[in-house]
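Here is a short report on one protein structure. Keep the sequence and the 3D view open as you read.

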Amino acid sequence: MDTIQIIVTVCCAAIITLFVYLWRVLNWIWFTPKKLEKLLRKQGLKGNSHRILYGDMKDFSRMIKEAISKPMNLSDDGDDDVAPRMVPFFLETIKKYGKKSFIWLGPRPQLLIMDPELIKEVLSKTYLYQKPHGNPLVRLLIHGLASLEEDKWAKHRKIINPAFHLEKLKHMLPAFYLSCSEMLSKWEDIVPLEGSLEIDVWPHLQQMTSDVISRTAFGSSYEEGRKIFELQKEQIQHLTESMQSVYIPGWRFLPTKRNRRMKEIKKDVRSSIRGIIDKRLKAMEAGNADNEDLLGIFLESNFKEIEQNRNKDFGMSIEEVIEESYSILLAKNLHQRCSYGL
């Protein structure tokens, strides 16, 4: 009798556990999204009805692949907008549902807002509008200011801001000039003295942009910066591919080829940035600091904040400096991709 009771108890527990997990899955893929959809429509926003599990992801991926497969229109009439190539599904949704609409990234809705006043409100009320968590794989790419909230965000922004002052940026013009000159010199070496030659300028423009970004960010350590830049490009590609499908909770822990590579890249990038920062700190201690690049300006601003308040808590730790350096280089990397319509 006791054995039968134990078996019955175990079976009941298993059934209840199975029911709980089944309910959670159904709630995640259907009930919660439908509830959110109802609330969004009640507030006047429009969009496609939620489709189980995938939402709009299949259409999203299909339209990006179609856009990238076609050459950009660079006609004389100035019709060279990269938006249809970068975010075709967003544009189609706005055209269909208006400037206050939503799309479905799997079971999670994303709002598309083009009203300047609403955008201003979201960007100014940083304590009220929190950053979405989204796909956990994004954390392998997004660090620092872009992922912080409230007081910590305000502190980091205050310290980083001097690095982007107009007068400071003017000092970086020689880095732009040098990178452009190097590219033009390569072209002069390729083109014969007489006649003409067709050159595929795309890889040269990519290299030039990489050099400019690395030089302005890390100065004399730009060769190491270039390696970091290339690793970030690969990381962005992996993340873009992963976001074109539905993220399954816990999937990032599986030892898939992509997951292993993304974690390896994160480790390598952090290690490289740490090495550059350590060299710069030693140079600053020896009085040989170079404060003309973004990293130098950034470190100088951080030390001034600590000295003025006589408290390390007002500045950033080395780990936080690494995260922000990573973010600065990433922002430039993403800007390159958007500028070239990748």
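## Helix H4 and its cover

Several elements cover the buried residues of helix H4, including helix H2 (57-69), helix H3 (83-86), strand S2 (100-105) and strand S3 (108-113). This is a predicted model. Helix H4 itself spans residues 88-97.

Which residues of H4 are buried? They are Pro 88, Phe 89, Phe 90, Thr 93 and Ile 94. In an α-helix there are 3.6 residues a turn, so residues three or four places apart point the same way. After H4 comes Gly 98. The phi of Gly 98 is positive, near 100 degrees.

## Aromatic pairs

How many aromatic pairs does the whole structure hold? A search finds four. One of them joins Phe 60 and Phe 90. Their ring centres are 5.8 Å apart and their planes stand at 50 degrees, so this pair is tilted. Phe 60 belongs to helix H2 and Phe 90 to helix H4. Phe 60 is buried, because its relative accessible area is 17% and the cut-off for buried is under 20%.

Phe 102 and Trp 104 also pair. Here the ring centres lie 5.9 Å apart. The planes are at 85 degrees, so the pair is edge-to-face. Both Phe 102 and Trp 104 are buried.

Ring pairs also build a cluster. Its members are Phe 60, Phe 89 and Phe 90. Phe 89 and Phe 90 are among the buried residues of H4.

## Charges over rings

Look next at two tyrosines, Tyr 21 and Tyr 54. The charged end of Arg 24 sits over the ring of Tyr 21, 5.5 Å from the ring centre. Lys 58 lies over the face of Tyr 54. Its distance from that ring centre is 4.5 Å.

## Where H6 meets H12

Now turn to another pair of helices. Helix H6 covers residues 150-160, and helix H12 covers residues 294-309. Their axes come within 8 Å and cross at roughly 120 degrees. That angle is why H6 is oblique to H12.

Which residues make the contact? From H6 come Lys 158, Ile 159 and Ile 160. From H12 come Phe 298, Ser 301, Asn 302 and Glu 305. By type, the residues of this contact divide into three nonpolar, two polar and two charged.

Terms used
Residues are numbered from 1 along each chain as its sequence is written. This is a predicted model: local features need pLDDT of at least 70, side-chain atom pairs count only at pLDDT 80 or more; totals for chains, interfaces and linings use all residues. Side-chain values use heavy atoms; hydrogens and water are left out. Buried means under 20% relative accessible area, exposed over 50%, partly exposed in between (1.4 Å probe, protein chains only). Helices (H or I, at least four residues) and strands (E, at least two) are DSSP runs, numbered from the N terminus. Contact means heavy atoms within 4.5 Å. Axes are lines fitted to C-alpha atoms, for helices over the stretch in contact, and angles run from 0 to 180 degrees between N-to-C directions. Angles under 35 degrees count as roughly parallel, over 145 as roughly antiparallel, 65 to 115 as roughly perpendicular and the rest as oblique. Ala, Val, Leu, Ile, Met, Phe, Trp, Tyr, Cys and Pro count as nonpolar, Asp, Glu, Lys and Arg as charged, and the others, Gly among them, as polar. Rings of Phe, Tyr and Trp (its six-membered ring) pair if their centres lie within 6.5 Å; planes under 30 degrees apart count as stacked, over 60 as edge-to-face and the rest as tilted. A charge sits over a ring if NZ of Lys or CZ of Arg is within 6 Å of the ring centre and within 35 degrees of the ring normal.
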